[in-house]
Amino acid sequence: MEQSGDRKSMEQKVEPLSGLDAAIAENRKRNEAVKLEIETWMKEDLARSGLTPNDIEVAAVMPKSGKKPHRGGYEIIFREPETGEEMLGLTGHPYRRTRYRGPFNSNGGGNKRYGTPYQAGNRCYFPPGVHEKLMTDPTHPLYLTEGEKKAAKASLCGLPTIGLTGIWNWLDSSPNRQTERGSTYMI
């Protein structure tokens, strides 16, 4: 008898959530649903390139409001080819490129599908195993392509490939873009 009485008194001690607690719980529930939606979209987007999250290191990005809003997406994580440490941008922060869920109109007027943090600079994407392959056999051909996902897929197919982060990212400032026919750029 005492046990059921103890249980009854324990049940009575549970208080209903306050208005703020209920709002926090609802917000967490909404965030979990959005995260699941983004992770599902991320897997579908990678699958269109013949990849899975096991083939290319990615992390979900939640939607953002404010000055530069977007609908979320995923970050492609860049690693140092020799050490495997996370690659840093010019700002000293980890270098990651964001693939946005649904293009959005950027400040430049075009639809933006990928983004790099402001002043992070440009980095080459080295899929896992490319550095080791070239160190083991330096005579093996090396391929370059535009895009991290293309580099990851080609490397999975046995073609050691380095991904350049978008064709527009390698342009010089506007006044310096004019070149002589036949000129060469060093990357």
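**Salt bridges and core: a quick chat**

Colleague: R97, buried or exposed?

Modeller: R97 counts as buried, at 5% relative accessibility. Buried means under 20% relative accessible area, exposed over 50%, and partly exposed in between (1.4 Å probe, protein chains only). Mind you, this is a predicted model, where local features need pLDDT of at least 70 and side-chain atom pairs 80 or more, while totals for chains, interfaces and linings use all residues. Residues are numbered from 1 along each chain as its sequence is written, and side-chain values use heavy atoms, without hydrogens and water.

Colleague: And what does R97 form a salt bridge with?

Modeller: With E148, at 2.7 Å from N to O. A salt bridge here is a side-chain nitrogen of Lys or Arg within 4 Å of a carboxyl oxygen of Asp or Glu. R97 is in strand 3 and E148 in helix 4, 51 residues apart; helices (H or I, at least four residues) and strands (E, at least two) are DSSP runs numbered from the N terminus. E148 is buried as well, at 2%.

Colleague: How many salt bridges in the whole structure?

Modeller: Nine. D45, R48, R99 and K149 are linked in a network of them.

Colleague: New topic: which residues touch the most others in the largest nonpolar core?

Modeller: L46, I56, V58, Y74, I76 and Y125, out of 15 residues. Such a core is a set of buried Ala, Val, Leu, Ile, Met, Phe, Trp, Tyr and Cys residues joined through side-chain atoms within 4.5 Å.

Colleague: Which helix gives the most?

Modeller: Helix 2, with three residues.
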